[in-house]
Amino acid sequence: MKNAPKRPIFLHTGKKTRCCAIKKSDVIAFMNDREVNPEKYIAPKNWYKYGSEMVRPYKIRIHPSCTKDEKKLRRYYESMLVALPDVMDVAAAVDFTGYNRRTVCQWIRVGKLKALALL
């Protein structure tokens, strides 16, 4: 068929809030494409009020599916951390986790991460 309608990527549930259900496979495909082609997802210059600086998309990481098995999860993260130094700065922690700098600093303040003060 020439003009067959495209399959919608989300389903409207009829609710007033959180009214769209998106297939997990479509979300994963989007996240993978965003990792491979980040330039497609950067807002054009001057899109925001302060458009002079380069706006980069956040790095999205797909976590392993073995979250129920703590031993497998520990081995996974240990294998990821092998190449990194024993002590890292906040910027390296931000790169590794994919979280914002404020979030990593908050983890340090509340004690979720151990930190050393450099004088």
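Me: Looking at contacts between residues at least 6 apart in sequence, what share joins residues at least 24 apart?
Reply: That share is 20%. Keep in mind that this is a predicted model.

Me: OK, and how much of the chain counts as buried?
Reply: 9% of the 119 residues.

Me: What about the accessible surface of the chain, how much is there?
Reply: About 11,400 Å², and carbon and sulfur atoms account for 58% of that.

Me: Switching topic. Which helices and strands does the chain have, and in what pattern?
Reply: There are four helices and two strands. Along the sequence they run β-β-α-α-α-α.

Me: How do helix 3 and helix 4 sit against each other?
Reply: Helix 3 covers residues 90-97 and helix 4 covers residues 101-110; their axes come within 9 Å and cross at roughly 110°. Angles of 65 to 115 degrees count as roughly perpendicular, so helix 3 is roughly perpendicular to helix 4.

Me: And is that crossing of helix 3 and helix 4 left-handed or right-handed?
Reply: Right-handed.

Me: Which residues meet there, between helix 3 and helix 4?
Reply: On the helix 3 side you have V90, A91, A93, V94 and T97. They meet R101, V104, C105, W107 and I108 of helix 4.

Me: How do the residues of that contact divide into nonpolar, polar and charged?
Reply: In the contact of helix 3 with helix 4, eight are nonpolar, one is polar and one is charged.

Definitions and conventions
Residues numbered from 1 in each chain as written. Predicted model: local features only at pLDDT ≥ 70, side-chain atom pairs only at ≥ 80, totals over all residues. Heavy atoms only, no water. Axes fitted to C-alpha atoms, helices over the stretch in contact; angles between N-to-C directions. Parallel < 35°, antiparallel > 145°, perpendicular 65-115°, else oblique. Left-handed = near helix turned anticlockwise from the far one by under 90°. Contact = heavy atoms within 4.5 Å. Nonpolar A, V, L, I, M, F, W, Y, C, P; charged D, E, K, R; others polar. Buried < 20%, exposed > 50% of the residue type's maximum accessible area, 1.4 Å probe, protein only. Areas by Shrake-Rupley, 256 points an atom, 1.4 Å probe, with all protein chains shown as cover.
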